[in-house]
Amino acid sequence: EKCNYTIIPTSAISKQKALPSKSDVFRICWWGTFMPFHGVDTIIKVARHLKDRGIGFTLNLFGTPKHEIKLFEDLSNKLNLNNEVFFHKDKTFGNGLLEKHIKTQCDLSLGNFSSSRRALRIFPTKIIDSFSMNIPVLTMDTEVVRDCADVDNEIFTCLNRPADICAEIIKIINDPKERERRANNGFSHYERTFSEHIVQEQFVSLFNINP
């Protein structure tokens, strides 16, 4: 049987626009649950590639107390990344500490880099969070990402292999104007598609359809 349906995008609560402070290193941030389908292990391996290339950077990974991170801490230690990779379980959007941190100390956010089938079917909320704060974001290239964002103008994408991610990050580091351009376009996309009032209007309109 035929049915009528409407797709309403996920929203994200409006946040403060990022105002990165000056830094001698490039600051990369990722936040979410430390579940396998996020590809956190891949991101940590990227950090090792960046270190081998002599790139000055920090990678801050944010979760919550309920998330088990020992596996990833062990991987970071094994790869000798104690001075580059930092884990946080006390900073979330809920308590305001994550927003406070990334407002001034994030030059690039990362999305999803897992090879799982689930990862291929989602548009990570952390991308919408990044758009809302005017932060440039790099994520794995998927059909869903291409359906939800302009990969040439609003977001950076690449394959989910550590070497490819590393190469893309280096290009991003070396092109601050392009970082700013895509971050601005991503913010505009948030305002017209993912902002609270836009999504709310779409939802409410469902109840005002004439039969």
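Two strands count as a pair if DSSP finds at least two bridges between them. Keep that in mind as we walk through this structure, which is a predicted model.

Let's start with the strands. Strand β2, covering residues 57-62, pairs with strand β3, covering residues 85-88, in the parallel sense, and 4 bridges link them. Within this pairing, N60 stands opposite F86 in β3. Now bring in helix α2, which spans residues 70-78: β2, α2 and β3 make up a right-handed β-α-β unit.

Next, look at charged side chains. One joins D90 and K91, whose closest N and O atoms are 3.7 Å apart. D90 is partly exposed, at 43% relative accessible area.

Another salt bridge brings together K171 and E168, with 3.3 Å from N to O. Both residues sit in helix α6 (residues 162-173); because they are 3 residues apart there, about one helical turn separates them. Are these two partners buried or exposed? K171 is exposed, with a relative accessible area of 52%, whereas E168 counts as buried, at 13%.

Finally, move along to helix α7, residues 176-194. Here the side chains of E178 and R182 meet in a salt bridge at 2.6 Å, N to O. Since E178 and R182 lie 4 residues apart in this helix, they are separated by about one helical turn. E178 counts as buried at 17% relative accessibility, and R182 counts as buried at 14%. R181 belongs to the picture too: salt bridges with shared partners join E178, R181 and R182 into one network.

Terms used: Residues numbered from 1 in each chain as written. Predicted model: local features only at pLDDT ≥ 70, side-chain atom pairs only at ≥ 80, totals over all residues. Heavy atoms only, no water. Helix = DSSP H or I, 4+ residues; strand = E, 2+ residues; numbered from the N terminus. Right-handed = clockwise from strand over helix to strand, strands pointing away. Salt bridge = Lys/Arg side-chain N within 4 Å of Asp/Glu carboxyl O. Buried < 20%, exposed > 50% of the residue type's maximum accessible area, 1.4 Å probe, protein only.
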